[in-house]
Each structure stands twice: as structure tokens, then as C-alpha cells.
Number of protein chains: 2
Amino acid sequence: MGVSVIGTYHTKVGRLDDSLYELLVKAGKGALEDAGVEAKDIGGIWVGNYSGGGFNNQEHLAPYALEIDPELRFIPAVRVENACASGSAAIEGAKNAIESGEVDFALVIGVEKMTSLDTKGVTKTLAMASFWPEEGAKGVTFPGLFAEYAKGYKDRYGFSDEELRTMLAKVAAKNHTNAAANPLAQRPWKCSYEDILNLPDEKNPVIAAPLRLYDCSLVSDGAAALVLTTTERARKLKDKVVEISALVHTTDYLALKKRSNSEFEAGKRAIHRAYEMAGITVDDLDFAEVHDCFTIAEILAYEAMGLAPDGKGWTLLDDGIVEVGGKLPVNPSGGLKAKGHPVGATGASMAVLAARQLLGDAIGHQVSGAEIGLTFNIGGSAASNYALVFKRVK
Amino acid sequence: MGVSVIGTYHTKVGRLDDSLYELLVKAGKGALEDAGVEAKDIGGIWVGNYSGGGFNNQEHLAPYALEIDPELRFIPAVRVENACASGSAAIEGAKNAIESGEVDFALVIGVEKMTSLDTKGVTKTLAMASFWPEEGAKGVTFPGLFAEYAKGYKDRYGFSDEELRTMLAKVAAKNHTNAAANPLAQRPWKCSYEDILNLPDEKNPVIAAPLRLYDCSLVSDGAAALVLTTTERARKLKDKVVEISALVHTTDYLALKKRSNSEFEAGKRAIHRAYEMAGITVDDLDFAEVHDCFTIAEILAYEAMGLAPDGKGWTLLDDGIVEVGGKLPVNPSGGLKAKGHPVGATGASMAVLAARQLLGDAIGHQVSGAEIGLTFNIGGSAASNYALVFKRVK
């Protein structure tokens, strides 16, 4: 049974005045309105949220979603968490419930309010997504974990420091530039990779060598929401329908030291299995929104997608393939790097961005004639991995 | 499509030496072994955990479940959270996935490690399950929230302080006494309600008037796990089969002041809908494990079950109906009050206890000839509510 998206909403991303609660309600209301579905017809609510406890002293967030509409009272609502992939995890829970017949219409909301803490607090709260006793508790931060990937990649393929720094700057420049077309993005900036390389050290300090500030995604508030139903029902209700043709979730060991630091092994499996389930190859994709939490992650995502052989992902940035207007634009929204990364919302954000692209109503750059798109969302240092293929089916 | 339990495991409950990680792995391994299912046949893992972040600095706990068995690598694993009902929420996620056909065998693990914090830390971490801005942040604790129920019940039905205190002591005495037969329980104590009433104030101080220490459930470490599959498959694999004949989840407003403080309105709906789905009435139940996080909650649960009219739940304690050997033993395990309440594990614990009763292999008191049982698990001040009916079907 197919499951399709029939309503979406995406808040602005950035340092927002809205509280966690306001973001949740705003996104939920917006998606219901866009779907044209009455609240009383919603059979369940799935909330993707990484750490309401850590950022906002609020665990047990899901019941607050009843505030979206009085008709939602008594409806099942649950929070689903897999670090920065919590939004995709919420979609998976809702999709299973629809496919099981338990629910006809599901509301999925991804939300995070991170700017409530200072940088130190955010860094600590995010580090709880690592394997705490051996990583977070020993002072390993997420920039530190992805620095391991950058070093692993450099060492495995023999790049110089300069080569590595340049390829990473190209990812950042592409995504900041893409964000300039996205009215909801946090850090729009039309720039070249030279602009980034030329930033003085005080503006682009080393955060965890070799990663600098401009290699890191943003600390963000934001929410995104979707209404899902069966494709059959969606076809009756809507003129245009976007289906989730595949959703594959894989898990790898929580601690990075137990796995490769130069590729996304579980992510690769998720993506290739998703292609198979959707009956496509990478050549069929019209765009992708991928998890560029750090610039190195986007290059590893290219390789996980099979868009380039291992060790050659960086060449796509020179060939223009992944740019808007190229063969396969990656992160046309600006990605986590420049659109922003409200962590628990990100999977839902990617899904909304993908659906809107395929409806021809993109948030930001419209990839013309887009029919098939991929989202690739990871949690922790890529322990949790979700690959979704979205297709325009009507 | 029916979903059944084919393997269970329950750790000891209490102040344990085991870490969060050890409890998770021990329970998962135990349930797999009991099921006789190979790890490679598990299609997904659902981890119920309330606040690994708050108690243990560990969000993103689910991937750690791969440590149970190397064959689990790459299998989807996700954390599900609805406060003290997180264990039931994990069962719901797994059940939907089985019914959708996504997964043949699911591993569900509920786990919490609470004694890592001191009393103040535990109280604060639990308060994050309230509506933080208006409850937790203003100093309202969970004993405080359930004190509101106790006061609401007393006021609505006109009980004296002494009458209230006595009925609550009867719940505590029954559950402590039941726990004396449960080898895994945290606070076994064969006692009468007079023993509790006669405790000196320093041993049974007021925590949040009118609730005293002996009205409160325990701060616990513990884990419980289940392997689930379709009933059809379970019938082929096992000589005895326990089915989840109904699982109903309802949600009420997060903040207590927005709802009744003298009944579990959403819980009542969940339970009665579960009876309907399972094709039973309250008279068909052979036992129940209900959410006695505070003694008043057990009395409200009797009324939510329809075991007594509203305002008359307390009479069941005098009639012996809810005692072991009575018509409908409630919390034969000792309940949250005396077995213990490792919060995110509790829903899974109740399910394991129910399944084991129905298999004739009870943990603690065996209710002879038990064929149908209920579990009733709530999250927060009863914003999240789960009612499950378990039936012996083979």
C-alpha cells in the first residue's frame, strides 16, 4: 500500500521568537490547513523531536500537539527520537500506522528549539546523541566526530590539507548560495568557495580540526509538518500527489570508533535499498536533500548515493553536477548548512522540501520538471540512517 | 491481523549495579533467547525510554541495541517516548510495523536507569514530563500533580482526610504485600494498611499533601523486553500463545489544569475502547496491571476500568475484589508502588507480566487459570494513556 503526502508546512528557520510549543502548533496547523483535512479525521500524531528535555526542559512533548485543534483531543500522539533523524523516524512511525490500517490520516511534526541554550549548552545537549560514556563524557563533540570523518576521508584517499579544505568550502559555498533563494533559510549568502577560503581566521575559526565554523551546520529553531494518507485516498483528494515510494531505515553502532570513519556504510545500504524498493537508480533522481550537518557529510552522502565512486564525491562539486541547474542538484534548499538544522525537525523539513519540489511549488529553487527526489537524513555520527524516495504519482 | 508475544524478559527492579546500557542489552538478549528467534530474523527494534538524556546524558539510545547481537547490525532501531508510558508506546510502534507487513519479528525493550541521579535530580527530570512552563518550571512535581488528583477525588465525593488516607494506605498495603511474592520486586513487604497508617511521620512523611511517601511509587532501574510477531506465526512456533487483542492509545491535554482532576477521562476511553476491540467486558478480565504511580492513581484506574462506579473505586479494597485470590486481582506483581517504576520500562514491564500470567508462568503471584488480562499505562499526569488487552489464544 502506498503512502502519500497531502499537506505540508515549513516554518522559518533561525533564531526565532517562537517557543517550542508555538513552533509545534504553527507547523501542525499549517499542514492540516494545506491538506484540507479536518482535525477530527486525523488518526494519530507523530512528533519528531530530539531533545526537548535538554533544550527546553520538556520531555513528553507529543500531547501538546492537541493544542493545534480542539478536535484532536483524545487522538494518539507520540514522540519518536533518533537524534537528528527524529523527523524521519516520525514519518516512519506514521507510515507504518497507515499501512497497518490503524490510521487513515496521520499528522507528522518535526520540531526543535535550540537557541534557548548558549553554545556550550547546545554542544553538550547535542553530544548526548553520541555514545556518551566513551564520546560525549570524554569531551568529544559533534564537530569532533565529523572531524574524524574528514580526517578519515583525507587519510584514506591521500588528500592534502589544502585539497580537503577546498572541497569542503565548495560544499559550504554551494549551500549558502542555494539558501539565498530560500525565503525560510537561516543563512542565505551568495558566495564562491574562494569567499569562504578567504575569510579571516576570526570569522572562520577552527572548531575541531580540520573543520572550521563554515563547515558546520547551524544552531536553529524551526518546525516542519506533513499530513500523510494512503496514495489511493490522496489521489481522490488532490490534483497532484507525491508518494513516499520508499522509506528505508538502517542502524549502525552508536560509537563511531566501531565503524568506518570514511564512509556512511549503513547510509549507503539504506539509500541503495530505497532505490531498489522505488524501482529506480541514482540516474532517475531529479534532486536530493541530504544531511550536510558538516560539509564532509555531504561529500560522503554523494558517495553513499552512488553518485560518484568512493573517494571521488568531491569531483561532483567541480563538475557542477550537484549545483542547481546541474544534473542532480543536492540541497537546493541550502541544506542544514545554510537553510538551518533544527535537529529533530530536519527529517520532516527534508520531506516537506522534497514534496514541495515535486508539486512544482518549491521552497526556494525549483528544479524544473522534478519527478523523483531523495532525502537522506542521519542521526548521531550516522548511527541512524533514513533514505526516502519521493515520487510525483499524479 | 493479530500480533502476539513470543518471548519475554524482565530484569530485577531496584537500585541496580547495571548501567542503562547493560540493562538494555540484558533485557534484549533475554527476550530473544526466550523467543527462540535468531537475531537475524528481527526486523526492527523499538526502545521505550523516558529520559536517557535527563538521567544518563544519553539521548539517541536505540542504536545501542545493536550490541545485543552482531547479527542486529543495520536493522532499524528507534526510541519512542511518551513519559512513563514509553514502554507501551514502543509496543504500539512495533505492533503497527508488524501489522503493516514491514517487519516479521519485532524486539521491544523498555528501559530506564533512574538511580544515577539524586532525589532532587530525579524529581526535576520527571517534572519534564509535565507541561514545563506552567507546571515543572513553577515548582510543580509529580507528587504535586497526583496530590491534585487525590484532592480532586476527595472534594468531588466528600471524603474526610482520614477516609482518603485510609483508602490510599489500602492500595499501598495490597501492592507491597503482592510484591513479597515477586522475586524481581524492589520493595516486598507483607503488611496491612494499619501498618502503613501506623508508620511514624519520619518514616512516612508528607511529600505533597495529602500524599505521603508510601503513596508514591519507587525510583527504580530496570528493563523489560518482548519479542512480537503475527499471531499466525506465533501459533506455528509456540505451544502457548498470548495475543495483544487490543492496544488503544488516547491523549489528553498535557497540562492537568485543562482536564478533570478526579478521573482519568482519556484513560477511561482507552480502556473501554480496548474492551470493545477485544470483544470483552470488565467481567472477562482475570487480572490487571495498572499504573499505580501514586496510590490514588490505582483507585482512579479501577473506575476507569468500570470495575466500580465513579467515586466507589475504593470500596473494592474492602471487598477483597482486587486482591490476589479476589475476583479481579489488580497489580498481582506489586505494581509500580512495590515492584518498582523504572519509568520508560514500565509499559513493557506490564506487558511482560501480563504475558507471563497468561502463559501460567507468572513473575510473582500466579492467578490460576488466567486467560485474559489488561494493562493500563499512563504518561505524565495521564496525558498519554495506553490500554492493552492480552489473551491466551493457544
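## Basis

This is a predicted model, in which local features need pLDDT of at least 70, side-chain atom pairs count only at pLDDT 80 or more, and totals for chains, interfaces and linings use all residues. Residues are numbered from 1 along each chain as its sequence is written, chains are lettered from A in the order in which they are written, and side-chain values use heavy atoms, without hydrogens and water.

## Strand β11 of chain A

Strand β11(A) (residues 384–392) has seven of its nine residues buried, so the rest of the structure largely encloses it. Buried means under 20% relative accessible area (1.4 Å probe, protein chains only). Strands are DSSP E runs of at least two residues, and helices are H or I runs of at least four, numbered from the N terminus.

β11(A) runs antiparallel to β8(A) (residues 242–251), with nine bridges, and E243(A) is the bridge partner of K391(A). Two strands pair if DSSP finds at least two bridges between them. Eight bridges join β11(A) to β10(A) (residues 372–379), also antiparallel.

## Interface of chains A and B

Contact (heavy atoms within 4.5 Å) involves 60 residues of chain B and 60 residues of chain A. There are 12 salt bridges between the two chains, each a side-chain nitrogen of Lys or Arg within 4 Å of a carboxyl oxygen of Asp or Glu. E102(B) forms a salt bridge with K95(A), with the closest N and O atoms 3.6 Å apart.

Three bridges join β3(A) (residues 77–81) to β3(B), antiparallel; R79(A) stands opposite E81(B).

Note on methods. Buried < 20%, exposed > 50% of the residue type's maximum accessible area, 1.4 Å probe, protein only.
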